[in-house]
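Hello,

Here is the structure I promised to hand over. My notes on it follow below.

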Amino acid sequence: GGGDAGGENGAEQPEDGAGLEGRTVTIASDIAYRPFEFMEGGEPVGFDIDLINEIAERAGFEPDIQNVTFDGIIPGLQSGTYDMAISAMTITEEREQQVDFSDPYFNADQSLLVRAGSDIESVDDLADANVGVQLGTTGAMLATEFQSEGRIGELTTFDTIEDAFLALENGQVDAVINDFPVSADRVETSGADLEIVETFPTGEQYGIAFPPDSELREPVNQALAEIKEDGTYAEIYEKWFGQ
Ligand code: ARG
């Protein structure tokens with residue numbers, strides 16, 4: 001286990017460079033993305049949080065999870081403000097120019113979420129619609145693509161997906177394009193009557209992100225492989241996605 005953190009500053013490198021024992025690692029996440037990361041009783045919880053805590057324990061570092069805006073994660077990794085990020089972040093070619101990723105840990109597609117009973121049954125019904133997305137996400141990129149093809153009337157960009165969901169629930173937008181597992185969770189937990197009417201098989205995979213050439217990437221991949229291998233991954237999956 002990690003034991004007591006040796007230092008409070010996550011950006012500090014260990015003196016001898018050997019091993020991570022006792023090192024505090026600053027981890028960025030946009031903690032408004034249930035069930036991957038969300039606040040409950042003042043604490044971050046969720047699939048990603050359980051996964052990264054398990055990885056930290058095995059790799060021997062002390063996780064210091066910071067709640068940040070999703071759009072600020074990659075710049076914050078590049079500037080060295082954060083040592084890594086776990087935020088349901090899709091591994092994309094564009095992002096791989098800027099940061100490094102762990103091995104994939106989750107598969108997700110995009111989805112079209114609407115108020116139940118609305119006229120919108122697919123992406124073909126969005127020409128006059130106002131569609132909400134979260135800034136800097138793959139959902140926003142897909143929606144921008146649809147819009148450039150003339151298939152979406154108006155795009156409204158929100159800092160958090162929570163704000164986009166609220167806008168859908170109160171009628172400010174007509175639909176939200178977002179990762180399927182998160183929108184499916186909203187259907188379950190929303191006080192409003194929502195439904196997913198279409199999924200887009202983008203084949204996205206989530207990865208943990210690092211600044212280029214981080215010495216943390218290899219130990220994280222090793223711990224992740226162990227966690228998949230020994231059934232711990234299945235347990236965490238069952239906890240957040242089981243019935
Ligand atoms: N998977 C999508 C992406 O990488 C959305 C991630 C949003 N994550 C979050 N914690 N808000 O762009």
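Which atom of the ligand is 3.1 Å from an N or O atom in the side chain of Glu37? A nitrogen atom. This is a polar contact, meaning a pair of N or O atoms within 3.5 Å.

Some ground rules. The model is predicted: local features need pLDDT of at least 70, side-chain atom pairs count only at pLDDT 80 or more, and totals for chains, interfaces and linings use all residues. Numbering starts from 1 along each chain as its sequence is written, and side-chain values use heavy atoms, with hydrogens and water left out.

Arg95 has a side-chain N or O atom 2.8 Å from an oxygen atom of the ligand. Asp179 places a polar side-chain atom 2.6 Å from a ligand nitrogen atom. On its own the ligand has 350 Å² of accessible area (Shrake-Rupley method, 1.4 Å probe), and the protein covers 100% of that.

The shell. There are 14 residues around the ligand (a heavy atom within 4 Å). Asp30, Ala88, Arg95, Thr138 and Asp179 come nearest. By class, five are nonpolar, five polar (Gly counts here) and four charged (Asp, Glu, Lys or Arg).

The domains. An automatic or database assignment sets the bounds. Domain 1 is 24–105 + 207–241, and domain 2 is 108–204. Their centres, taken over C-alpha atoms, are 25 Å apart.

Best wishes

Technical notes
A polar contact is a pair of N or O atoms within 3.5 Å; within protein, one must be able to donate a hydrogen and the other to accept it, and residues adjacent in sequence count only if both atoms are side-chain atoms.
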